[in-house]
Amino acid sequence: MQPHQICLDLDGTTLTHAGELRPAVAEAVAAVVAAGHHVVVATGRSVVATVPVLQALGLSTGWAVCSNGAVTVRLDPSAPQGWSVADEDVVTFDPAPVLTRLREVLPDALVAVEELGVGFRLSAPYPADELQGEQTVVPWEELLAHPTTRVTLRQPEATSEEFVEIVERAGLHGVGYAVGFTAWLDVNPEGVSKGSAVEIVRRRLGVEPSRTVAVGDQRNDLEMLAWAARGVAMGNAPAEVQEVADEVTGDVDDDGLATVLRSLL
């Protein structure tokens, strides 16, 4: 049997919105790995926030895509942190132009600039449990000072729809971005996405394009779902995500991912 490359979003797909890894999903992931398929987690999370989920899934070798494609790590149980990353697998950009523009339209937004393998530099504290790793509040100028893999903005009191309208009005150029489930914006280097990163992984694994599967639930999954031979949207995904997918599975709270994975056994 030729293996599939199975690319899985985490929040809202593998994990419930409460952050729970349900037993049926964990068992289905273990089953497809045991059958010889390549499971590649592809998430907007930082590496620091992704590793505990990989451990819970029993994934200790292979590849994981983090920071919406800006960071690709090799899972290596012999490495001190359980993973390693090569220079060519990290894509950064200058956050100063985009943050300067966004501050004009979102002056009260919380800002977090990612520090690879460490955590985030923040404009102000984020709501509890929304970010993982070290979190250090710094002056605005320091947020602009260094290249980064990802910038996150959060407007806790806004709706996702309001946030989309404001961000589109900002007219961002030279970067890629995606608005999340809540009023949450991820900004990445231009041309970088989960889809671009999992394609690089596919070539390294030697998997045929026709043997690719991707499952996701949010706007930052659009490129990955379009890339896969079989792109599957979760039942809880917005309409624009479901429209891009080849099929729609059940809601995350109904173990929709487990249904997809079992179909590959």
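**View 1. Aspartate 11 and its salt-bridge partner.** Aspartate 11 counts as partly exposed because its relative accessibility is 33%; here buried means under 20% relative accessible area, exposed over 50%, and partly exposed in between (1.4 Å probe, protein chains only). The side chain of aspartate 11 meets that of arginine 45 in a salt bridge, at 2.8 Å from N to O. By salt bridge we mean a side-chain nitrogen of Lys or Arg within 4 Å of a carboxyl oxygen of Asp or Glu. The pair links distant parts of the chain, 34 residues apart: aspartate 11 sits in the loop between β1 and α1, and arginine 45 in the loop between β2 (38–42) and α2. Helices (H or I, at least four residues) and strands (E, at least two) are DSSP runs, numbered from the N terminus. Arginine 45 counts as buried, because its relative accessibility is 19%.

This is a predicted model, in which local features need pLDDT of at least 70, side-chain atom pairs count only at pLDDT 80 or more, and totals for chains, interfaces and linings use all residues. Residues are numbered from 1 along each chain as its sequence is written, and side-chain values use heavy atoms, with hydrogens and water left out.

**View 2. Lysine 194 and aspartate 9, a salt bridge between two buried residues.** Lysine 194 lies in helix α6 (residues 194–205) and aspartate 9 in the loop between β1 (5–8) and α1 (23–34), so the pair ties together parts that are 185 residues apart in sequence.

View 3. Elsewhere, salt bridges that share partners join Asp9, Lys194 and Asp221 into one network. Over the whole structure, a search finds 14 salt bridges.

**View 4. Arginine 121 in strand β7 (residues 119–122).** Arginine 121 counts as buried because its relative accessibility is 7%. Leaving aside residues up to four places away in sequence, arginine 121 touches Val111, Ala112, Val113, Glu115, Thr136, Val138, Glu142, Leu143 and His146; contact means heavy atoms within 4.5 Å.

**View 5. Glutamate 134 in strand β8 (residues 134–137).** At 55% relative accessibility, glutamate 134 counts as exposed. Its contacts, not counting residues up to four places away in sequence, are Val118, Gly119 and Phe120. Glycine 117 is 17 residues from glutamate 134 in sequence, and their C-alpha atoms are 9.4 Å apart.

**View 6. Where domain 1 meets domain 2.** Domain 1 covers 5–90 + 192–263 and domain 2 covers 95–187, with bounds from an automatic or database domain assignment. The contact takes 18 residues from domain 1 and 16 residues from domain 2. Together the domains bury about 1200 Å², 62% of it on carbon and sulfur atoms; buried area is the accessible area (1.4 Å probe) that two parts lose on being put together, summed over both. On the domain 1 side, Val48, Gln218 and Arg219 lose the most area, together 33% of what that side buries. Across this interface the rule finds zero salt bridges.
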